[in-house]
Structures are given as structure tokens and as C-alpha cells.
Amino acid sequence: MPIFEQGEVKINVDEDGFMEEPDQWNEKVALALASTEGVDNLTENHWKVVNYLREYYQKYGIAPMIRKLCKETGFSLKEIYDMFPSGPAKGACKVAGLAKPTGCV
Amino acid sequence: MTMSKKHPKPEELVAIDYQPRRRDWMDPHVEFRKGTFNYSANPKSMEYLGLPFVRKWQPTEDDWKLPPNWKEIILNGLRERIDRFRSLRIFMDICVRCGACADKCHFYIGSGDPKNMPVLRAELLRSVYRKDFTTAGKILGKLAGGRELTIPVLKEWFYYFYQCTECRRCSVFCPYGIDTAEITIIGRELLNLVGIGIDWITTPAANCFRTGNHLGIQPHGFKDSVDFAADDLEDITGIKVNPSVNRKGAEVLFVVPSADYFGDPHYFGFLGYLALFHEIGLDYTFSAFASEGGNFGLFHSHEMMKRLNAKIYAEAKRLGVKYIIGGECGHMWRVLHQYMDTMNGPADFLEVPKSPVTGTVFENARSTKMIHIAEFTADLIKHRKLKLDPHRNDNHRITFHDSCNPARAMGLLEEPRYILKNVCNHFYEMPENTIREQTFCCGSGSGLGTDENLEMRLRGGFPRANAVRYVHENHGVNLLVCICAIDKATLPGLMDFWVPGVSVGGLHELVGNALVMKGEKERDNDFRGTPLPGKEEKVHV
């Protein structure tokens, strides 16, 4: 299993850099993972997305529907892509420490 | 599906060399280059499914940590399957290498790799069969086309059996009707016997077992998503719909691919289903247990397919419905049409599907008791039961991608077109050798839709994209409509790469846009929140 290390952060990740143990997530981890997604700085808007994903994940054990993420955070899908270039599932979810969605997505 | 940052450029991928390299085809060496293969199965998912030889390994590593008796396991597995599936033995024996299939495969067209000619891909397994299971091969070995099963051969199987999407286009052209998808299915099944599988198949299958669907959405999450969609639909139409989950005594169980209530653009078609069923007053329910139409088990083994498929009939029985309707899912329909009846049926406890609105009896589903939503909707339109305003889809110039399995596995060719012609005004067909039963695959089916496999997907999807490009350039087509969740996940990226300016949508998204609902408010936006034609000046959400 690959290990991702940056500064104080040392976590197990899968081949695409998604966290293997989402419970180990914290804000430092988010910043470190963001840097792998080409996001150098997490703005207030980034945190709004990340915090919503975390909140939903803790309740449902998975990421929300993309449409729900947009509606609840008030960002369009394009705005989310602008913030997280790999998109909501591959980019934002990775930063929020969620597992990679699999199947017909 | 997002594009990886390091993917190649179209002009690089389109420079395809069809001149085979000078080397013996029996040489099994393959190079596992990033972009052309899929990661191995996650041990946790393997354990969950009770699969053998759970371990960590990756295709790029020299040592795949095979069990010591791997060869015996594979050859015994092949022997069992030769005995069990008469079709397999025939397919192994009957091919005359005429080459009719050779240039029909999208992976061959897109890669120029001769081992992606279906005839040669099958030969990778056939050569081992010949060596160990035919008299000529046992005596003459290589002279009779026989090949020893070695670790490099096993690795070569892995490489090429995961460069086939089981789309069956080659089978349409085979004069003997050899179903190369079945050869790939067996090849993958044999590899799984020694713990060689890919994660994009194993983890969705494990999720489906654990929570009811490939995505791993739990029942309360499923309910939350369905409720959210109902609220969203109310915002758009002003109509409150009341979809139910796990409701006993409903007339119909409705099963959709889980991406329909998760992904984009799948979700807009989900809104279409909800609007349509509400409008006709259909008495239906979803199930949280059978909350997946797709069946990644089909891409793993017959056993896994059966295990996952069993949930649909089990839930139909538990809920006491009369029959089942299935949504816009691709390979689901191959399982439904070809296997379900004998694997998990007969569903004697169900009734032959009969539309409560038109009275039409779907005789074609007399045995399975399950119909495709496109059949159901086409019948409603045919009987003029829906009020449709096709002008609402006038922003779209549309072409239709026949998703491989509904087209080739169940012959669903006319219904989607009939619906499209009634819900939109601008519909254009791609060239005839790229549609209907000759349709080209999206290049990402059968569990290959991963980021790590992106280059092969773009290559495999090239023939489809090229045909879209034709209608894009000649007719201004800007929307590619399809009826498969894998298509909806992977065609957007394929279009961005090969044909920028073409979006991807679902059939029932357009039905929902065009559907004039009783008591609806003035509609300003389509399901995507884009202003309808003539409403552009209005402020929208």
C-alpha cells in the first residue's frame, strides 16, 4: 500500500492517492492532499465544499450526489471544477478524505 | 469522468500504426504501461466476497504472488468450463481464422495492436486449450497451434482480456456466430480463480453485496437521494412527486443503475423517470436492497453475476409486486435477457408485465417479467398517453448512441429512436455501420472505466467518437444521447477529448424535459438548470 508523506502528514493511500483510512482525516491532511490535486491554497469556498462532504460522509458513509453537493453548497458544477480541477468525485472527495467512488461513475 | 492531467493529445493517439511488429504471435510478452491497464482488486473487497488468494499485488510488479499450484487451478478450471459450457467448446474448436472480426473491434481500430483483433485475443486462450485439450495439440504442440500455459501467458491474458469490453460487435460479423465476449468472460473467470482481478470490478461487486449497489450507498443514503431528487423536481416543475422505497404491495418494482441517483449526467434522467411515473400515476416502488440495475458480477464470473442478480427477484417477491421495470442501464440487460431467467428464475410469482395505462401486454417479457423503461415509454407515446412539447429540447441537436448491450443483447433498437423523435425536433443518425447492432462501444464498458486505464479507453472509444464527430460537423449535433450508466460516466470525457462541444445526456432526461405535467408551473429551465428555448433572458437558478 503506498504511503503519502508530506510534512507532519503520513497516511496510507490507494494507487490514486485516496485515503485508505478516512477516519485519520484532519485539516492538515486536507491541505496536504489538496497539493496533490494542484490546489495550493484552500480558500473559504474550498472549505465549504470539503466540510459539506465530510458532514455528509459522517452521516451516510459515502459522498453525496453531485447535484446535491452543488445545491447544498450553492456552487455550480463548473465552479467546483474551477476549485478542484479533477472535479467533485476525484478532486474534492479526495481532499475531504473520502473513498474513491466506483462503478458507473 | 475527469481527465487525468498527463493524458496524451488526440493527434498523438490518432497516429495508429496498423503494421504488425515482426515477432511471433506466440510470444506472450506485454508491457504494463500506465494508461493501458487496470489496478488489481482491493484485498478488502476480495475478502468481503469470499474470493480466493487474497493478497496485494499490482500488474506492474514482476511477482504476482500466484499460488504454487496456479497452473493446475487454471487448467482444471478450463476443463470444468469446457465441460459445462458447450458454447465454449464450440467457440474453441470452430474458428477458422477467416478474419471477418479482425477490424471490427474498437480496441484494435484504436490501438493497431494485432492481439486486439478478436480472433487473436481468443487465440490467446485457444492456444492453451489446443495444447492441453486436443489430441493434435497434445502430440504436435506448437505445430498444431498449441501453447504452454506459463506465467507470461497468464499476464498476457490479463492484459488483453481487460482490453475487451465484452461489447460483442465482433460477434455480429462472425460467420460462425462466435461470441468473443463469452471467451473474455471465461478468460477473466479463470484469472479470478487464482486471485487475479481488477478493483473497478471487485469493489463495486463487494459494495453491491454490502449495501445493495455498486457505489456503496446505504439504505438511508439511498432514501435521502431519492427524496432530494423529488424536491429538486418540485423546484423545476412545481409538482410534488412521492417516490417510495421498499413499499410492499406496489404494482411495479423499478430498478435503476445506482449512478442514476449519484452521478452527472445520469441524475437528470432519474428526474425524468420520477416525472414520467408521477404523471401517469404508476404504482411503483424502489428497493434499497435491489438498488442496483448494473451487475459487475458479469465482468467477474458467472457465479458472481448470479449472486448479484438474485437480489432483483428476491426483492420483487418480498415486496409482492406484479412485475419489474428496469432503467437506463447497459449490461444489466444482457444479464436480464440472457441469464436471469435460468439463473435465478423462473419468476412464477410475478405476472406478465402489462401497462396499467395502455393495457399493452409485453409478451416479450413473458418469461423474465421485466421490461425496459424505453419499451414502456414508447408504448405510452404510441398510445398518445403523454403530452409532450418537443420544442423544449430545441437547444439540442441530438444523435443516439446505441449502448452495446441493450442494442446487441436485447435488440432494443427502435424504441429509443421512436421516443427521441417524439420528444425532440432535431435528431440525426450517425453512419449506419456505427449504430444499431453495429454500434461502437464507448470503450470503457465491462469494468474498464478507470482513470489508470485512460489511454486505452480513449483509443477504444475513438471509433464511436469519430462517428459522433461526423454528425457534429455535418449536422451541428451537440448532444449524444444514450441509455447506459457507463456511457453516461465515460462518454463525456471521450467527447471532450475527441469531439469538444458535444455533451452527453439520457433518453429520459429528454422525455422529462418535454413532458407537460398536469398542473405544472411555467417551466423556465430544463433539468440541468439551463434556460429552455425562449427563456434565456429570465433569471435562473
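Biologist: Ser446(B) sits in the loop between α18 (414-423) and α19 (454-460) of chain B. How do you know what counts as a helix here?

Modeller: Helices are DSSP runs of H or I with at least four residues, strands are DSSP runs of E with at least two, and both are numbered from the N terminus. By the way, this is a predicted model, where local features need pLDDT of at least 70, side-chain atom pairs count only at pLDDT 80 or more, and totals for chains, interfaces and linings use all residues. Residues are numbered from 1 along each chain as its sequence is written, while chains are lettered from A and ligands numbered from 1 in the order in which they are written.

Biologist: Okay, what makes Ser446(B) count as buried?

Modeller: The rule goes by other C-beta atoms, placed from the backbone, within 10 Å of the residue's own: 20 or more is buried, 12 or fewer is exposed, and in between is partly exposed. Ser446(B) has 26 C-beta neighbours inside 10 Å, so it is buried. Its phi is also positive, near 60°, though Ser446(B) is not a glycine.

Biologist: And why is Arg97(B) called partly exposed?

Modeller: Arg97(B) has 14 other C-beta atoms within 10 Å, so it lands in the in-between class. Arg97(B) is in the loop between α4 (86-94) and α5 (106-111) of chain B, and it too has a positive phi, of about 55°, without being a glycine.

Biologist: What makes helix α16 (residues 373-382) of chain B mostly covered?

Modeller: Seven of its 10 residues are buried. They are Ile373(B), Ala374(B), Glu375(B), Phe376(B), Thr377(B), Ala378(B) and Leu380(B). Those residues pack against α13, β3, β4, α18 and α22 (507-514) of chain B. Just past the end of α16(B), Arg384(B) has a positive phi of about 55°.

Biologist: On to the strands. How do you know that strand β3 (residues 323-326) of chain B and β4(B) are joined?

Modeller: Strands pair if DSSP finds at least two bridges between them. β3(B) and β4(B) have three bridges and run parallel, so they pass the test.

Biologist: Which strands of the chain B sheet stand at the edges, and why?

Modeller: The open sheet has four strands in the order β2-β1-β3-β4 (chain B), paired in parallel. β2 (284-285) and β4 of chain B each have a single partner strand, so one side of each lacks a neighbour in the sheet. Helix α14 (residues 302-319) of chain B packs on this sheet and touches β1, β2 and β3 of chain B.

Biologist: What about chain A: in which sense do β1(A) and β2(A) pair?

Modeller: Strand β1 (residues 3-6) and strand β2 (residues 9-12) of chain A are antiparallel, with four bridges. Gln6(A) is bridged to Val9(A) of β2(A). Their hairpin has two residues between the strands, and Gly7(A) there has a positive phi near 55°.

Biologist: How many residues of chain B are in contact with chain A?

Modeller: There are 32 residues of chain B in contact with 19 residues of chain A; contact means that two C-beta atoms, placed from the backbone, lie within 7 Å. On the chain B side, α11 (199-211), α12 (219-237) and α21 (485-498) each give two or more residues. The largest share, six residues, comes from α12(B).

Biologist: What makes up that side by class?

Modeller: It has 14 nonpolar, 12 polar and six charged residues. Here Ala, Val, Leu, Ile, Met, Phe, Trp, Tyr, Cys and Pro count as nonpolar, Asp, Glu, Lys and Arg as charged, and the others, Gly among them, as polar.

Biologist: Last one: how does the predictor's confidence look, and what is the mean pLDDT of chain B?

Modeller: pLDDT is the predictor's confidence in each residue, from 0 to 100. Chain B has a mean of 96, with 98% of its residues at 70 or more. Residues 1-5 of chain B stay under 50, though. For the model as a whole, ipTM is 0.92 and pTM is 0.95.

Definitions and conventions
Axes fitted to C-alpha atoms, helices over the stretch in contact; angles between N-to-C directions.
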